[in-house]
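Good morning, and thank you for making time for this presentation. I shall take the structure element by element; please keep it in view as I speak.

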Amino acid sequence: MPPASSSPDSHEYDAIADAYRESKQLSFRAAVEGHTLKQLWGDVSGMKILDLACGEGHHTRILKKAGGVLVTGVDISREMIQLAEREESREPLGCRFVQADAAAYEPETDHDLVVAAYLLNYASTTALLEAFCRTAFSALRPGARFVGFNDNVRRDPNEAPSFAPYGFEKSCPHPPRPGDEIIYHIQQADGSSFPVVNYYQSPTAYAEAFAAVGFVDFQWEGPWLDPAERDNPHWADFMAHEPLTGFSARRPE
Ligand SMILES: C[S@@+](CC[C@H](N)C(=O)[O-])C[C@H]1O[C@@H](n2cnc3c(N)ncnc32)[C@H](O)[C@@H]1O
């Protein structure tokens, strides 16, 4: 069986850290990704929060500004963590950042919320998917929730129009099978592009991984469009074909 974790010594994001941060300017980040996550996490004031695969700390910092008390970001990429720490030095909020593989990370066990934006779609095997879910589960106090944003494995990109108007193209075998690469070609404002490689696992495999570690009420959520953009026809293809999705689950009492 393949290992359930990967080495934190180097990671593809070390090479694309700056480009990835730049891509946070794409309009779907705020209008769909950010809006969906905010709906899912709700009022976070006073919460102790863990942000798995925090990248350069984009959502970590939003969670802290929204009232999170103890907010920790964990990411496997040294470069992404360095970007997060640099931003924390530039504008200190009190976020904590840790470089670690989310599959092997041993979190404190009393978090009120765990967030993971684009972590689960790095599971090249179901064992790794389960390991990510186990870390989230063990970080939560009983009754607390795990929410996130992810590649939408319920939609085959081969059956969707181009997502170029939104700043990326998405490709994978048709139909995708477990472990297949899903490649995002992310386009930058300067005309350059860079690839990000995710892995396909079936919707059933997701449901089974959440249940296997003890989560209840796992469901796909959204994606939802910021109501301020509701009448903007630009979003029609994105919302009809939903390349990305939210999710939520709960650790039982
Ligand atoms: C698409 S970025 C998302 C970053 C951030 N969550 C955001 O939404 O801006 C994916 C992140 O997952 C991280 N990552 C991938 N595999 C990981 C793992 N096994 N453990 C922790 N982080 C991981 C990458 O280093 C990268 O920073």
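Let me begin with a definition: a crossover is called right-handed if, with the strands pointing away from the viewer, the path from the first strand over the helix to the second runs clockwise. In this model, which is predicted, strand β4, helix α5 and strand β5 form a β-α-β unit of that right-handed kind. The helix covers residues 126–139, while β4 spans residues 111–117 and β5 residues 140–151. The two strands are parallel and share six bridges.

The largest nonpolar core has 68 residues, and the members that touch the most others are Val114, Phe132 and Ala136. Helix α5 supplies the largest share of this core, namely eight residues. What does Val114 touch, if residues up to four places away in sequence are not counted? The list consists of Leu50, Leu52, Ala136, Ala139, Leu140 and Phe146.

Next, the ligand. Around the ligand there are 19 residues, of which Ala53, Gly55, Ser77, Ala102 and Ala117 come nearest. Sorted by class, this shell holds 11 nonpolar, six polar and two charged residues.

Is Cys54 buried or exposed? Cys54 is buried, because 29 other C-beta atoms lie within 10 Å, and the cut-off for a buried residue is 20 or more. Setting aside neighbours within four places in sequence, Cys54 contacts His59, Thr60, Gly73, Val74, Asp75, Ala84 and Phe97. Its C-alpha atom is separated by 9.8 Å from that of Gln99, a residue 45 places apart along the chain.

Finally, I come to strands β6, β7 and β8. Strand β6 (residues 168–171) runs antiparallel to β7 (residues 181–187), joined by four bridges, and Glu169 is partnered by His185 in β7. Strand β7 pairs in turn with β8 (residues 193–199), again in the antiparallel sense, over seven bridges. There, Ile186 stands opposite Phe194. The hairpin of β7 and β8 has five residues between its strands, and Gly191 in this hairpin adopts a positive phi near 95 degrees.

Thank you; I welcome your questions.

Definitions and conventions. Residues are numbered from 1 along each chain as its sequence is written. This is a predicted model: local features need pLDDT of at least 70, side-chain atom pairs count only at pLDDT 80 or more; totals for chains, interfaces and linings use all residues. Two strands pair if DSSP finds at least two bridges between them. A nonpolar core is a set of buried Ala, Val, Leu, Ile, Met, Phe, Trp, Tyr and Cys residues joined through C-beta atoms within 7 Å. A residue is buried if 20 or more other C-beta atoms lie within 10 Å of its own, exposed if 12 or fewer, and partly exposed in between; C-beta atoms are placed from the backbone. Two residues are in contact if their C-beta atoms, placed from the backbone, lie within 7 Å. A residue is near a molecule or strand if its C-beta atom, placed from the backbone, lies within 6 Å of it. Ala, Val, Leu, Ile, Met, Phe, Trp, Tyr, Cys and Pro count as nonpolar, Asp, Glu, Lys and Arg as charged, and the others, Gly among them, as polar.
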